[in-house]
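Q: Hi! I have a protein model open and I'd like to go through it piece by piece. Can you help me read it?

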Amino acid sequence: MMVLRSAIQIVSRDRFDTTTAQTSGSHRFAAIGPSLGITSAIWGGLFEVEPGARTGIHHHGEQDTIAFVLSGRCEVQWGDKGEFSARAKAGDFIHVPAFLPHMEINPSQLLPFRWVVVRSTPVPIVVNLPDAFWS
C-alpha cells in the first residue's frame with residue numbers, strides 16, 4: 001500500500017516570490033520554498049543578471065548551490081581574492097560550494113543570462129560582502 005506524503009505542486013512564473021534575499025546587480029526569484037507554502041529540504045528558483053551587469057561579491061553560507069544555465073553566457077569569479085574565473089553558457093551546470101566568495105558577470109551588452117538554481121537548504125542564504133572585499 002502506498003502512502004501519499006504530499007501532493008505535487010506546480011508553481012507558475014507569475015507566482016514566483018521576488019522578496020527572496022538579493023545581491024546587487026542580480027534578481028533572484030523563489031519558485032520552491034517556504035515563502036510559497038512549499039515544505040522541502042531544498043530551495044529552487046531563477047537567477048538573472050542583466051546585460052553588462054555584475055553582481056556584488058557574496059557567498060551562500062552553509063549552502064551548496066547547483067545552477068543550470070538556462071540562457072545566455074556568464075563569467076563566475078571566485079576565491080579569497082577573486083583570483084579564479086570560469087565562463088559558462090546555456091546548457092552548462094555550475095556548482096558553487098558553501099561559503100565560497102564569488103560574483104557573476106554578464107559579458108553580453110545585449111542579453112541577460114538566466115540560471116535555474118537549487119540550494120541545499122530550504123531557505124536561501126545570501127551573505128553580501130563589501131565591494132572592497134577583494135581589494
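**Salt bridges and other contacts**

A: Happy to! The structure holds three salt bridges, a salt bridge being a side-chain nitrogen of Lys or Arg within 4 Å of a carboxyl oxygen of Asp or Glu. Keep in mind that this is a predicted model, where local features need pLDDT of at least 70, side-chain atom pairs count only at pLDDT 80 or more, and totals for chains, interfaces and linings use all residues. Residues are numbered from 1 along each chain as its sequence is written, and side-chain values use heavy atoms, with hydrogens and water left out.

Q: Is E48 buried or exposed?

A: E48 counts as buried, at 9% relative accessibility. Buried means under 20% relative accessible area, exposed means over 50%, and partly exposed is in between, using a 1.4 Å probe and protein chains only. R114 is partly exposed, with a relative accessible area of 30%.

Q: And what does E75 pair with?

A: E75 forms a salt bridge with R87, with the closest N and O atoms 3.5 Å apart. E75 lies in strand 5 (residues 73-78) and R87 in strand 6 (residues 84-89), so the pair links parts that are twelve residues apart in sequence. E75 is buried, with a relative accessible area of 17%, whereas R87 is exposed at 60%.

Q: Where does K89 come in?

A: K89 and D92 meet through their side chains in a salt bridge of 3.4 Å, N to O. D92 is partly exposed, with a relative accessible area of 22%, and K89 counts as partly exposed at 38%.

Q: Then which side chain does E104 have a polar contact with?

A: The side chain of H102, at 3.3 Å. A polar contact is a pair of N or O atoms within 3.5 Å; within protein, one must be able to donate a hydrogen and the other to accept it, and residues adjacent in sequence count only if both atoms are side-chain atoms. E104 itself is in strand 8 (residues 102-105). Not counting residues up to four places away in sequence, E104 touches several residues, including F47, E75, F113 and W115. Contact means heavy atoms within 4.5 Å.

Q: Which aromatic cluster do F47, F113 and W115 form?

A: Those three form one aromatic cluster. A search of the whole structure finds five aromatic pairs. In one of them, the rings of W78 and F84 have centres 5.9 Å apart and planes at 20°, so the pair is stacked. Rings of Phe, Tyr and Trp (its six-membered ring) pair if their centres lie within 6.5 Å; planes under 30 degrees apart count as stacked, over 60 as edge-to-face and the rest as tilted. W78 is partly exposed at 26%, and F84 is partly exposed at 43%.

Q: New topic! Where is N106?

A: N106 is in the loop between strand 8 and strand 9 (113-119). N106 counts as buried, at 3% relative accessibility. The side chain of N106 reaches the backbone oxygen of L111 at 2.9 Å.

Q: One more: what is phi of F99 near?

A: Phi of F99 is near 65°, a positive value in a residue other than glycine. Most residues other than glycine have a negative phi. F99 lies in the loop between strand 7 (93-96) and strand 8, and F99 counts as exposed at 53%.

Q: And what about G45, buried or exposed?

A: G45 is buried, with a relative accessible area of 8%, and is found in strand 2. Leaving aside neighbours within four places in sequence, G45 is in contact with F29, A30, A31, W115, V116 and V117.

Technical notes. Helix = DSSP H or I, 4+ residues; strand = E, 2+ residues; numbered from the N terminus.
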